[in-house]
Amino acid sequence: MSAPATLNVDLDALVANFRALEAVGGVPVHPVVKADAYGLGAEACARRLAAEGARTFFVARTSEGEHLRTGLGAGPAIYVLDGCLAGRAGRLREADLRPVLNTDAQMAEWRAAGGGACGVQIDTGMNRLGFRPEAAPEPFEGLDLVLSHLACADDPAEPMNARQRDAFAAAAARYPGTVRSFANSGGIFLGGDYGFDASRPGICLYGGGPEGRPDDRIRPVATLTAEVLQVRDVPAGESVGYSRGFVAAAPRRIATVAAGYADGVLRSYSPRGLAFAGGALCPIVGRVSMDVCAVDVTGLDVAVGDAAELFGPNRLLDDAAAGAGTVAWELLTSVGPRVTRVYAG
């Protein structure tokens, strides 16, 4: 291993997921690469997806868009979901970024700076960002995209999905000739009537399933591994980690692994978390520390220098997230900056 903890990113698997989402949705895929492509590295992921034909990308922050523009160069469209915040119009224009306008104040800010290509977000029920349908602006020069965001796409049985779809269809009809984008990762799998003109997947590109659990159509992209630093025998009755978070009921063999909560191994991994080591899934025991965690490798051939997999092809992302009591989005974006990113494919 080149570093104690490594996040290996399979760019071929990323492309395979991109193609799978195109096939399921039947419309062009506009990748969401905000939060540094969910922690995987926005520049590396976007460059590969651009080479495969992606021409439109979404970020959350102006600074993210600026960095992505530097990495991608001229050409691809980059939309900023925050919109045009006060004092940001000049930066947006200089980096050739397109704000997704969410309020009248943002629209005024953008127009006062000269305007240009932009999007408008319609809030169809999530109550997060965007214009309410009845307050949506009239069509204007430069508007080339209208979008909304599903609140419950990971639950196909939720009636709110159809209500949002219908509200978006009605609102988007006010903007003939603009690209309509509605489906996020889960929305792509809800049916063709959710696709409109373009989808905006995030988590499914990076290996998470559309319903918060593994899906055979989505390949693992990210693998978090960490080196075994020490292996020790713990007698019955002795404890492991802070606050005696685990007490051995019988003699155990414990591996100390070089990844803790500073690296993205959440404290909530214990007591339900698992790591793949010695060819098997093993319990994470005791309290997760800042720099290390303890893995029960009793009966397995595990030695110092071996790799333990926290998530990846042997411990699927959604399963690992469920074990930590969270979701794949948080697990990926929690991987710390000192974890070395290694790209293949």
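In what sense do strand 13 and strand 14 pair, and over how many bridges? Strand 13 and strand 14 (residues 293-296) pair in the antiparallel sense over 2 bridges.

The model is predicted: local features need pLDDT of at least 70, side-chain atom pairs count only at pLDDT 80 or more, and totals for chains, interfaces and linings use all residues. Residues are numbered from 1 along each chain as its sequence is written, and side-chain values use heavy atoms, without hydrogens or water.

**View A. Strands 12, 13 and 14.** Strands are DSSP runs (E, at least two residues) numbered from the N terminus, and two strands pair if DSSP finds at least two bridges between them. Strand 12 (residues 274-277) is antiparallel to strand 13 (residues 280-285), with 4 bridges. Leu 274 lies opposite Pro 283 of strand 13. The hairpin of strands 12 and 13 has 2 residues between them, and Gly 278 in its turn has a positive phi of about 60 degrees. Val 285 has Ala 294 of strand 14 as its bridge partner.

**View B. The largest cavity, about 50 Å³.** A cavity is a set of points on a 1 Å grid over the protein atoms alone where a 1.4 Å probe fits but cannot get out; lining residues have an atom within 4 Å of a point. Grid points are joined across faces, edges and corners, and the volume is the space filled by probe spheres set on them. The lining includes Gln 121, Asp 123, Arg 128 and His 149.

**View C. The second largest cavity, about 40 Å³.** Among its lining residues are Gly 25, Val 27, Ile 188, Tyr 194 and Ser 199. The whole structure holds 2 cavities of 30 Å³ or more.

Conventions
On a 1 Å grid over the protein atoms alone, a cavity is a set of points where a 1.4 Å probe fits but cannot get out, and a pocket is an open set with protein on both sides within 12 Å along at least five of seven lines; lining residues have an atom within 4 Å of a point.
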